Amino acid sequence: EREVVRFSSLMFVPNRRREVIELQRVQHPLLMLLRMVLLLILALAFTRPYWKIFLEGETPEFVSRLHVILLDTSLSMKTKGVLEAAKGRAQEILNDLPEGDRVGVVTFGRSTRVLAPLFDPERIVGSVSDAQGAVRAAQATWEDTDYETGLQTAERLLKEAGGEDVQRIVHLISDFQEAGMPHETSGWRLATDIELKAVVVASKGQSNYAVQALAVQPVGDGQLQIRARVKNWMGGKDRAVRVDLVVGAQVVASRALTVLPGHASQVRFTLPWDGETAVGGFVTLEADDLEADNRRYFAFNSPRKYTGILIRSSVRGERWPYDRLVQAAVPKDADLPWQLTSVSSSQPDIDLSDEMVLSGAPLGNGAADRLRKYAEGGGKLLLILHRGAKTDGVNRLLEGTGVQLGEPYVQKADPGVFESLSWVDFEHRIFHPFRGPRFNDFSAVRFYNYFKMGTSGDARVIARFDNGDPAMVEASLGNGQVLVWAGGIEASWTNLARRPRFLPLLYETLGYLAGNRPDVTEFAVGESAARPVRNHRAVERWEATFEGVDAIRLMTSDRAEFFDQPGLFRWTVQAKERMAGINVAAEESDPAPIQVSEFEIRLCDAPVVVAQGGITDMKAGVFRQEYGLWMIGCVLGLLVIESGYAAWLAQKSEKDV
């Protein structure tokens, strides 16, 4: 401990600064280097270094060879000179094939076409001469590119040809557009025993303007606005292009538009419209190196009105509340997609030919039979059960649907005793719009009385009460549908009509029954248009006109129609003409290529390794050899060496002292 010494003053003692300089030097450089190397290897080990090793298998000897010329004939191959170059490369491959090899030809876009098969049990196929003729006959289509579909067809042909010691080769001739690649989650790969030989044909330095998208909407009074998006895909000069609006084979408006390379611009047109007639036409550009995407069709249809029948009670002296409530919710003079006609249930000649029927009236046997026949024919029926419903008549109607109606569940007169909607199926289309947190609470809807229902089979419960009883059930009846509400809408049974959920729920139900989805006004080339059917009342003769780029034909088939080129599709519903545009895929105009190496990685399996020792099921490819564990072993060894060397140095220093 320090001893305190008293001193008068230090003012006369000079203040001198003393610095102690200690020279340090490395005493054991080898030990320091050893420890530095140890730390470096330890850090590298945690980075998990690896080395890619490419395994190659032995090439087996094949008895014969099978070839498939897979020729891309999608829309992009319509670019000036590209398809001709692809055919030339295909002919070169065919001319170089050894004698005895068999070859087939497949063209593909979105779909595939086998122009020259490889296998036919009735005749000899696969000759080079047949393949050469098929290549000469190949034509570019209006479809977009799907490489996976083309390769799957080629693989199927090669597998059908059979043979064990046969080498199978696919010669893919394409511009290798990246837009034609499948989704990354596809997972499909070309078989390991099929060799892929890629032949790239592409256009360079060419220009391509395309009408990429169209939108039509009414603006103001008696006018339609058409907005077209024009893109300059392949670069080139930013020259002005003429954009024409064509309606009824006449150019009604033109614009001059300048689009920079790699950019897009919008052009607008207006058309007079009477508010009822369907309007269709196309927007087109002047010619360039790829004219196939210079035209895009549009269509606009007036909103449809869906008709229905509201069957009211025929009992004299009583006015069922559901009659006036539904009529008040769907008034005739309102601008709604639905129009309901009220008829009496005792009327013997009710014309059940509308798109839907709403019934809450007591059902006798005659009315039940008529409604059942209507539903079996494809009609849509909503049954709103209330205190006047007859159990026998309803069960006669619902026989075979899996829904069995019981007696009303009579609760106490105490207004505090009720059942709420505790569960609804938000995946169902009726309740799907209510799935958000602001609208998904139906607990405030209370039912004081309701009919108990039993369900079985395919009957679907879409809403339940607190006690688990079904509140709303959907069932199929023949070709139609029946939707049953277990509780009515009158005030003595429920507060539904007084709740803000009533109108949206009723409208969603009507929309679901009527099937009033917006008319499809655009199809893609390669899609099919199902035959328009008005629910239960199918059109006996369906006539639709297709106005294509170079064809006009009348279609009366009952099956779905396949669109193989762009154009306008016209049909008639409720004596009104409807239209839809058929267009090419917009992404097919994108010339961005994919590298062949990446193409093979994503769509081809690794080749088969024929290993020594009889193991033939190993797959070759990229093998990842990691070295992290080896480095951990080196660290442990160096620790032993470092410890021994440090101990030796310590003993040596003690001896020196």
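User: How many aromatic pairs does the structure hold?
Analyst: There are 18 aromatic pairs in the structure. Rings of Phe, Tyr and Trp (its six-membered ring) pair if their centres lie within 6.5 Å; planes under 30 degrees apart are stacked, over 60 edge-to-face, and the rest tilted. One of the pairs is phenylalanine 431 with phenylalanine 434, which is tilted, at 6.4 Å centre to centre and 55° between the planes.

User: Before we go on, what kind of model is this, and how are residues numbered?
Analyst: It is a predicted model: local features need pLDDT of at least 70, side-chain atom pairs count only at pLDDT 80 or more, and totals for chains, interfaces and linings use all residues. Residues are numbered from 1 along each chain as its sequence is written, and side-chain values use heavy atoms, with hydrogens and water left out.

User: Back to that pair. Is phenylalanine 431 buried or exposed?
Analyst: Phenylalanine 431 is buried, at 0% relative accessible area. Phenylalanine 434 is buried too, at 6%. Buried means under 20% relative accessible area, exposed over 50%, and partly exposed in between (1.4 Å probe, protein chains only).

User: Which residue pairs with phenylalanine 451?
Analyst: Tryptophan 493 does; that pair is tilted, with 5.8 Å centre to centre and 35° between the planes. Phenylalanine 451 sits in strand 21 (residues 449-455) and tryptophan 493 in the loop between strand 24 and helix 8 (502-514), so the pair ties together parts 42 residues apart in sequence. Helices (H or I, at least four residues) and strands (E, at least two) are DSSP runs, numbered from the N terminus. Phenylalanine 451 is buried at 1%, and tryptophan 493 is buried at 6%.

User: What forms the aromatic cluster?
Analyst: Phe523, Phe546, Phe563, Phe569 and Trp571 form one aromatic cluster.

User: Now charges over rings. What sits over tryptophan 233?
Analyst: The charged end of lysine 231, 4.0 Å from the ring centre. Arginine 501 lies over the face of phenylalanine 442, at 5.7 Å from the ring centre. The test is NZ of Lys or CZ of Arg within 6 Å of the ring centre and within 35 degrees of the ring normal.

User: Switching to strands. Why is strand 23 largely enclosed?
Analyst: Seven of its eight residues (470-477) are buried, so the rest of the structure largely encloses strand 23.

User: How does strand 23 pair with strand 22?
Analyst: Strand 22 (residues 460-465) and strand 23 are antiparallel, over four bridges. DSSP must find at least two bridges for two strands to pair. Arginine 464 stands opposite proline 470 in strand 23. The two strands form a hairpin with four residues between them, and glycine 468 in the turn has a positive phi of about 95°.

User: And how many bridges join strand 23 and strand 24?
Analyst: Six, again in the antiparallel sense, with strand 24 covering residues 480-485. Methionine 472 stands opposite tryptophan 485 in strand 24. Two residues separate the strands of this hairpin, and glycine 478 in the turn has a positive phi of about 65°.

User: Last one: where is arginine 110?
Analyst: Arginine 110 is in the loop between strand 3 (102-108) and strand 4 (112-116). Arginine 110 is partly exposed, at 37% relative accessible area. The C-alpha atoms of arginine 110 and valine 525 are separated by 8.9 Å, though the residues are 415 apart along the chain.
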